[in-house]
Every structure is written in structure tokens, then in C-alpha cells.
Amino acid sequence: MSETEIQTTNNIKNNPKIMKAWAVYDWANSVYSLVITSTIFPIYYSIITTKFEQKEYVAATGKYIDVPVRHLIRIFGKEYQPDAVYGYSLTISFFIVVLLSPFLSSLADTIGNKKSFLQFFCYLGATSCMGLAMFTGMHNVFLGLLFSITASVGFWGSLVFYNSFLPDIATRDKQDALSAKGYVYGYIGSVVLVVLCLVLIMFLAKGEEQKLIFTRITFLLTGAWWFGFSQYTFKHLPQFGDVKEKLPKDLVLLNYKNIFKRHEEQGGFFGVLKDNISFYKDVAKESFNELFKVGNELFKDKNLKYFLSSFFFYSVGMQTIFLMATLFGKSEINLAQDKLIGTLLIIQIEAIIGAILFSRLSRKIGNKNVISIAIVLWIVACIWAYFLNKENPNVEYQFYGVAAVVGLVMGGLQAMSRSTYSKLLPENSMENTTYFSFYDVLEKLAIIVGTFIFATLIDQFNNMRYAALSMTVFFAAGLVLIRFLKVNMIKNRDTL
């Protein structure tokens, strides 16, 4: 790296305005995680895919409980449980991200415009959230699943580029605090929007039909929130990347304005297009070669090998449970909508506390020990969830207990994982996007494995408890591997 590039990097690092702008994107995009992934959309999907509720007598309590009877979804002549189809749709979305992110991150590093890619995925996700408002019933359930997939691609695709800015804009002593700060911003912002959405649905809507209409309005609000607040990030976050000199005459496919030019001075439109296609093919080939090369380099480092292996296994469990938790509460416990959303709001507030607590605890006992504690608590939550029984009169309170454990560790483990990986990377590297692309691909492969296993077990046993229990195997593997990690503690580092 040249002296000029190092100087530019140093000017960008630890700039308060840039670091704040970076963290604000968490405030902007985390509403997707809570509204679309965790609370309102899964509940809405469950309501739309439920035919009716029938009464079942419980001998242990001497009372009747309501049990939902679901519409089955036919795909290629076979009928599937709707929760399983939802899980498979998430698997598809992460598969798309895994295919795209290496190519796009390499392209971003080549052209030096990773902020532009961050914007593209942000806008894809935000508009897809708005598109969910068109999902109105079983007659267009596949439209709802399509927008759910593209919203997921937009959210997770943007995180490849967003996360890669962390080592670009902050020195190692500030990365734990900044990573946790981003998550805190995200949890607070998402709670604010969900409260506004709840006011619409629970208090202003009159009747069940109007509740469904107002629920669809919340999808519009989510997209608008994500789009609107991200503008602050895009205004102050710098374009950052290793810009190469030799590029095609005009990047036609990346600049829509160029598509409408004749390009007469550059050999004509088709000549420029041919150069572009050749360029993109080379980038695609190089990107996957680079991904495997980076993977080999990272796994040669013992610390990175143990961390990334551990991260893969515990991400299978953590991300899958996070994605499927609401459907678990609705389908397995049949918890009322207001109680379920209230529980998830408390989880978000707990996650804020957890991110702060784990950030401060890491200063005293180190990141490895903090991550280990979080994994153990995840194992406890999975085993506890397996023993939940809707016929138990106290099952509601037991579900709250599981939710309390999940809320505490969710934010802390996510924040510590991102900052621990960032600190293990080479300093002042111009390949941070590629490094974080590998991190992102590994996480998405974990989610593909997790959601596929979860959906398959639901389809086979029509029961989520077995699926939840299966995740303990992955957490246990992650716990064993993280204990081999050796990380030097940084004294006098920032914490929240």
C-alpha cells in the first residue's frame, strides 16, 4: 500500500462524524430485523396461512386450548407446512447472498465504490419491505415470499459492505465499542419503530380486517425508515477501496446513464458492452479465486482458523433461532399476538443491555471468555425450548424465561463476533471488503445449513422443538473450538 493510501486511511480512522454515520446505518436497517424478521411479518404470515383455530381438550389442566390449523402450500405437486416453506425461502435468500457477495465485494474493491454497493442493497431491501404490503392472502402467498427473499438479500447483502468499513474507520482499541454502539443504535431504533407499529395495529385499528391493513402499512413504514435514515450514513461515509487504473471504457452495467449513450468515440455501444462483459467475467472468476485464496490464508493463522470455525458452528444455531423464534412462539406455544410482540420488544431492550454488558465484560475477561459464556447460555436456551409443552399451564412463563436468556446473549455475541474478527485481521489492509466477504459468506453458509435443517425437521415432525434441540449440537461445537483461540487483551480500549 502506498504512503498516500496509508495517510488517507489514517485521516479516515477514528473520525467521530464518520464513526457516528457508520453506526447510524444500524439504526436504519435494524428495523428490518425486528419488524420483518422477528415480529410483525412472521406473525402476519402465520395469520394469513392459518385456516382456523380448533379447540383441543388438555387433561392436565381440564381446559380447552386453541390450536391453529394451517393452510398447506403446494410446490411442484407436493404440499408443505407453511412454516417449513418460510424456512426454505430464507435458505434461498442466503444462498443468493453467498453467490453474489464474493463477486460484488471484489468488484467494489476493484472500482473503489463499496459505499455504492451498500446503497444498492439498502434500496433493494427497503423497497422490498414496502412490497410486502401487497401480500394480502393465500392467493398471492408466493408474492409475499418473493419480497421476503429480496428484502433478506438486500439486508444481508448490505452488511457485507457495511461490516467491512469497521476496520477502515476505527483503530483496534475502538472497534469493540463502535461495533457494540452500532448494535445498540439498531436495537433502540427498531424498538422505536415497532412501538409505533404496535400503536397502529393494537390501538388505532378497529376490527381484525383493519388490523391486517394497518399491519401492511407497517411494512411501508419499515422500508421508508430504512431508506430515510440511511441517507445520513451515505452523506458522511467515504467511498473507500483500492481503485485500479485499468477499467473498461465505460462501466455500462454499473452506470445506467451510460446505457443510453452511443459510445461512438469508444467503438460503439456493443464494443463497450463486450468490454464490460469480459471485465465482469474476469472479476467473477478472480473474486471466487480470491475468496478461496483468502480463506486459505485466514485458516493458516491458528487464531483465525479456530475463530472462524467456531463462528460458523455457533452461527448455525444463533442466526437460525433468531430467524425462526417468532414462528416458534406462535406455532408451538400459540402465544397471543400482543404478548408475543411484547416479549420480542423486551428481548430487543435486553439485547441493548447485553451488548453494553458484554462489551464491558470483554475488557475484564477478554473476548474469548465472553463469547464462551454467550454460547453456553444459548445451549441452555435451546434445551429449555425443547422441553416447552403447550399443554403445561405455565408454558407461557417458561417461554418468557427462554426469551430472557436469548435477549441477554443475542446482542452481545453478535457485537463481540464482529469486533473479534476485525481485530484478528491485518491492520491497514486494503482488502477488508474481501476479508469481511469471507466472514459474511461463512455466516450465510451457516444460516443455509441451519434454516434447511430447521425447515426439514419441521416438515418431517411438524414440530419445532426437535429443530430447536438440534441447534445445541452446533453451539457445542462452537464452544469447543473457541476455547483454542488466543487473543491478546488490549489495555485502555474503549467500551460503551
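Student: Which helix holds S148, and why is S148 called buried?

Tutor: S148 sits in helix α6, residues 141-164; helices here are DSSP runs of H or I with at least four residues, strands are E runs of at least two, and both are numbered from the N terminus. The relative accessible area of S148 is 2%. Buried means under 20%, exposed means over 50%, and partly exposed is in between (1.4 Å probe, protein chains only). The 2% of S148 is therefore a buried value.

Student: And what should I keep in mind about the model itself?

Tutor: It is a predicted model, in which local features need pLDDT of at least 70 and side-chain atom pairs count only at pLDDT 80 or more, while totals for chains, interfaces and linings use all residues. Residues are numbered from 1 along each chain as its sequence is written, and side-chain values use heavy atoms, leaving out hydrogens and water.

Student: Good to know! Which residues does S148 touch, leaving aside neighbours within four places in sequence?

Tutor: Its contacts (heavy atoms within 4.5 Å) are Y32, F41, Y86 and L132. One of these, F41, is also among the buried residues of α3.

Student: What makes α3 a mostly covered helix?

Tutor: Eight of the nine residues in α3, residues 40-48, are buried. They are I40, F41, P42, I43, Y44, Y45, S46 and I48.

Student: How do you know that S359 counts as buried?

Tutor: S359, in helix α13 (residues 337-365), has 0% relative accessibility, so S359 counts as buried. From S359 to G412 the C-alpha distance is 7.2 Å, although 53 residues separate the two in sequence.

Student: What stands out about phi in N14 and F76?

Tutor: Most residues other than glycine have a negative phi. N14, however, has a positive phi of about 65° and is not a glycine. F76 is likewise a residue other than glycine, with a positive phi near 50°.

Student: Where do they lie, and are they buried, partly exposed or exposed?

Tutor: N14 is in the loop between α1 (3-12) and α2 (16-38), and its 26% makes N14 partly exposed. F76 is in the loop between β3 (73-75) and β4 (78-80), and with 85% F76 counts as exposed.

Student: How do you know whether the radius of gyration agrees with that of a compact globule?

Tutor: The globule rule, over C-alpha atoms, is 2.2 Å times the number of residues to the power 0.38. For 496 residues that comes near 23 Å, and the protein chain has 23 Å, so the two agree. Buried residues make up 57% of the chain, which has 17 helices and four strands. Among contacts with a separation of 6 or more, 80% join residues 24 or more positions apart.
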